[in-house]
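These are my notebook entries on a structure that I had not examined before. I set down what I looked up, in the order in which I turned to it.

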Amino acid sequence: MRVLSTLRFTLLRLMRNYIVLLLLLAVPIALLTVFSVILSGMVDEAGRPYFDQTALTMVLAFQLFGGSTVMSYLNEDLFARNRERMTVAPFNRTLYAFSILLAGSAFSFLLGAAIMAYTRLVLGLVWANWGWTLYLIALMAVLSSIVCVIFVCGVKSFSTAERLSEVYGVGFVLLAGLFFPMPQHAVFEFMGSYGNPLTLSVGAVRAVEIGNWNEAWFQANIVLAAIGFLFPVMLVMGRRRLR
Amino acid sequence: MTLASMQSVLKRYGSCAALDYIDLEIHEGEIVGLLGPNGAGKTTLIQALTGILPVDQGRISLFGDSRNPFSDANKQKLGLVTQEIAVFEELTAKEGLEFFAGIYGLRREEKKKRVAEALEFVGLSAYANKVPHKFSGGMKRRLNIACALTHRPRLLIMDEPTVGIDPQSRNHILESVQKLREQGTTILYTTHYMEEVQEIASRVVILDQGQVVKEGTVQQLIETVRHEETIIFDVADPLGIPLRQVESIAGVRQVSVSGSRITVISAAGAGNLDRILSVVQQHSGVLGIQADKPNLEDVFLTLTGKQLRDREGSR
């Protein structure tokens, strides 16, 4: 009950964190608007508009960075500035950390949904399956938050954890071949097919677009399995750090 | 009744003992002033007493409970004003206090009432709906105090609550501490400003190098050095003064230099001012002489051989 009362304030803090809003909402919206102009009328070999693919990838790619706010709040409240006050308070800090994880993931998901809504309402993009795409955004948001909690609990220095989270986000964007094509190598191909949450999520949405639900579930379930595997790792590391 | 106690508490960092077999008791209704220079172990003591820092040896008891002193029931009665300002920058003053009231289990109506009281108490009612990043340092410090008050703790621990603030906010904080005591709150107040302790503390504990050097009321502590007098010389060339020669004068207990000041502690009534002055004058021009009645600073100097804080940093 005591932890429940903090949820409202965590969400308020997230909503008033203008840097987060700038990086996870304003920047993608600005980029998508620019791309919608540049890629207007261009189609790929299959006849699909380039912008549709770009918008899908960008909406999902920004979810890779959603966990950074969870990491930052956990550090501030439980390991840095507010640590002493929180330690002295009669409430369950593990549950509180979990509530930050939930609020942060939900917030990241809402930003993703807002970007989707913007592309539909302003840029006129037609999403093949809203529900499925939102499900994948949710998976990506939760995965990113869990990974960031592992970083912040796993290393002593917060700046190292921040760098690791950037490596996680930028690394998977790079491996997805968004900046430049990856070399044709078994390792990169394996990562693209089974180890990169971004390519898996994009693949799952595309599979639904062509009606291949088996492939879509397969790819989405790999992301879900990653969450399932990393969740207990996060619990162990979190409990160890909060002890 | 004893609200908090430490018995032979040891806390080491490597080979350095931050708390060196400390014994301390805090009784209900007191304001205990914990006095010590930077690095004396004040913050470590507070962290040990509140369960933030595990200790290596010894026994800690809170509210008579030494088996599980940091239980939620005991934490409910404890308030901590941290040395570092720990407020939420994105939340208004009121929302920040509501957050802390919530984690102490206060329900809606009670929460509202206590938050309003706490804001009123620290003089921030007019700023209830403002976010702290627009506050001055002193206002942030006051809000930091209010965060520890919404649940009305029986024992309030304040870790250097007046560091780096303007005199007006400092006076407000000291008045608030007095008011809290009148309302029945027991307070452990740490500082390295002896004027504050002299003003508010009902008992003083002097800490140095992780040890309790002396404790008692301000008056009792001053009594211990009443047989001494402090003579302060302002000199033109402090480095030219042969300190050993001054120390060798009969009755002189201690000589220290801080900036252009030479502080000499001498046996009261020894009548050796002339002798000391002649030695000082031989080696430097004397710009001023001052003989002080003993105060806590002198007590500290006598007990530890150190100034409580650098003169340059004094207010």
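I looked up the domains first: chain B of this predicted model is divided into domain 1, residues 2-222, and domain 2, residues 227-293. I then took the separation of the two, and the C-alpha centres of domain 1 and domain 2 of chain B lie 39 Å apart.

For the chain as a whole, I noted that the C-alpha trace of chain B spans about 75 × 45 × 35 Å along its principal axes. I recorded eleven helices and 13 strands in chain B. Of its 315 residues, 43% count as buried. I also noted that, among contacts in chain B with a separation of 6 or more, 70% are between residues 24 or more positions apart.

I turned next to one sheet. Four strands of chain B form an open sheet in the order E11-E12-E10-E13, with antiparallel pairing. I asked which strands stand at the edges. They are E11 (252-258) and E13 (286-292) of chain B; each has a single partner strand, so one side of each is left without a neighbour in the sheet. Neighbouring strands of this sheet are turned by 15° against each other on average, direction ignored.

I followed one pair in detail. Strand E10 (residues 228-235) and strand E12 (residues 261-267) of chain B pair in the antiparallel sense over seven bridges. For B:Ile232, I found the bridge partner B:Thr263 in E12(B).

Last, I looked up helix H10 (residues 273-283) of chain B. Helix H10 lies across E10, E11, E12 and E13 of chain B and runs at about 25° to E10(B).

How values were computed: Residues numbered from 1 in each chain as written. Chains lettered and ligands numbered in written order. Predicted model: local features only at pLDDT ≥ 70, side-chain atom pairs only at ≥ 80, totals over all residues. Helix = DSSP H or I, 4+ residues; strand = E, 2+ residues; numbered from the N terminus. Buried ≥ 20, exposed ≤ 12 C-beta atoms within 10 Å, placed from the backbone. Contact = placed C-beta atoms within 7 Å. Domains from an automatic or database assignment. Pairing = 2+ DSSP bridges. Axes fitted to C-alpha atoms, helices over the stretch in contact; angles between N-to-C directions.
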